Amino acid sequence: MRITQGCFSFLPDLTDEQITAQIEYCLNNSWAIGVEYTDDPHPRNTYWTMWGNPMFDLRDAAGVMLEVRACRKAFPDHYIRINAFDSTRGFETVRMSFIVNRPKVEPTFAITRTEVRGRTVNITMTVVK
Amino acid sequence: MLNPHATDAKAEGAPVPRPTSVDLAADFRDSGVAEVLAQLDRELVGLKPVKQRIRETAALLLVDRARQKLGLTQDTPTLHMSFTGNPGTGKTTVALRMADLLYRLGYVRKGHLVSVTRDDLVGQYIGHTAPKTKEVLKKAMGGVLFIDEAYYLYRPDNERDYGQEAIEILLQVMENQRDDLVVILAGYADRMDRFFASNPGFRSRIAHHIDFPDYEDEELLSIAGKMLDQQSYHLSDEARSVLMDYIRLRRTQPHFANARSIRNALDRARLRQANRLFDTAKGPVSVDALSTIEAEDIRASRVFAGGLNIVEGL
């Protein structure tokens, strides 16, 4: 099942040129860029593993692409995403996040419904690989 | 956000017919290269051979760019350079202009200069060097990486020195990412020669070697004039001739660093001028007195007393 998290996830996968252009856009807004990866795309898993430190002082997308390529080489079958962090007062949050690498076979989700008191149904989602 | 498919649309469009001729003069005008060269002439005293080399390099790059437009070449030319010369001959300043020049010609995308020395590239323990060097390279992407005193990277006396690791990473990036960054190595001529001799990989990857000559006495004097101008000071006539003597004497003494020595000498002269004004002023001090450096401010220098016994004012 295709995971749809972050920007552009309903579009076909971005090419490297398109990724470069998006990073360039982030850098022009002076956002800090971080590369993160995970093998667990569960929507509740918001904390992906960081690939190195976030990059605060880059001027050009080539530097980020270097890290993206290195991360892809190390984890070809993981999800890899790019986070752009805006440190402007009032925002101080991730302004843009998009996936730049997916495993060849993406996992699906299974739903378990548990009926509890008063006919309430608890839903648990689990990743099925 | 950018439309992620904008590049697709461009790629799918009809191929743009290739021009069959280019107007080099118009290229020269539009790129703003003339401006950089004029600024170089205006702001840097002397350095004739350097300016000549930069002019030639600019011409070569302009022609190369035109050839690329006509489809005669595909490759990016190798732009890595080495600047050799004694301290204080303007290597860093010229590197800054070079970054601007390359940016205007479109050979680097951002045109910033990242200036580093061995300490910024080489780590202190195993596994520390590679991330450190990569960090610097990432910062320099799209611009110019200026490595001052590059020969310190290679320490032949210590075979376990981590410098070698930094050199290997540098060489790899210099070769594989020529589109992304330009590396300029700088240092004293003789030590750079030895450095290149022991690292043949560097020599073959560097296309432009530019040698910075020492300044003449007159040139140093006019540099002094410019430095003082910027700070709204000026020399009295007598001070000017004393400074000329100072330059002549200073040159023969150890640790002479061309323009840098002059800047330090002027800094000390300003200090003495301030002291003199304090000691002698009785009542209001005029603008003229505040901005004039007198002969005695310079003559008090140790250089006139026979030189520097201790390392003072490099």
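In this predicted model, α13(B) gives the most to the lining of the largest pocket, with six residues, and α13(B) also gives the most to the lining of the second largest cavity, with five residues. Helices here are DSSP runs of H or I with at least four residues and strands are runs of E with at least two, numbered from the N terminus. Because the model is predicted, local features need pLDDT of at least 70 and side-chain atom pairs count only at pLDDT 80 or more, whereas totals for chains, interfaces and linings use all residues. Side-chain values use heavy atoms, with hydrogens and water left out, residues are numbered from 1 along each chain as its sequence is written, and chains are lettered from A and ligands numbered from 1 in the order in which they are written.

**Largest pocket**

- The largest pocket has a volume of about 780 Å³; a pocket is found on a 1 Å grid over the protein atoms alone, as an open set of points with protein on both sides within 12 Å along at least five of seven lines, and its lining residues have an atom within 4 Å of a point.
- Of the 28 residues that line this pocket, those closest to its centre are G90(B), T93(B), M227(B), A259(B) and R263(B).
- At least two lining residues come from each of α5 (91-105), α11 (217-230) and α13 (258-280) of chain B.
- The lining of the largest pocket divides into 10 nonpolar, eight polar and 10 charged residues, where Ala, Val, Leu, Ile, Met, Phe, Trp, Tyr, Cys and Pro count as nonpolar, Asp, Glu, Lys and Arg as charged, and the others, Gly among them, as polar.

**Cavities**

- Two cavities of 30 Å³ or more are found in a search of the whole structure, a cavity being a set of grid points where a 1.4 Å probe fits but cannot get out; points are joined across faces, edges and corners, and a volume is the space filled by probe spheres set on them.
- The largest cavity holds about 70 Å³ of space, and its lining, which includes R2(A), F8(A), D13(A), F98(A) and R102(A), has seven nonpolar, two polar and three charged residues.
- The second largest cavity has a volume of about 50 Å³, and among the residues that line it are L243(B), Y246(B), R268(B), D297(B) and S301(B).

**Interface of chain B and chain A**

- The contact, meaning heavy atoms within 4.5 Å, takes 16 residues from chain B and 20 residues from chain A.
- Between them the two chains bury about 1800 Å², 59% of it on carbon and sulfur atoms; buried area is the accessible area (1.4 Å probe) that two parts lose on being put together, summed over both.
- Five salt bridges are found across this interface, a salt bridge being a side-chain nitrogen of Lys or Arg within 4 Å of a carboxyl oxygen of Asp or Glu.
- One salt bridge joins D57(A) and K139(B), with the closest N and O atoms 3.5 Å apart.
- On the side of chain B that touches chain A, α1 (6-12) and α7 (129-140) of chain B each supply at least two residues, and the residues of that side divide into four nonpolar, six polar and six charged.

**Chain A**

- Chain A has two helices and six strands, which follow the pattern α-β-β-α-β-β-β-β along the sequence.
- R2(A) forms a salt bridge with D13(A), the closest N and O atoms being 3.1 Å apart; both residues lie in the segment before α1 (16-28) of chain A, so the pair ties together parts that are 11 residues apart in sequence.
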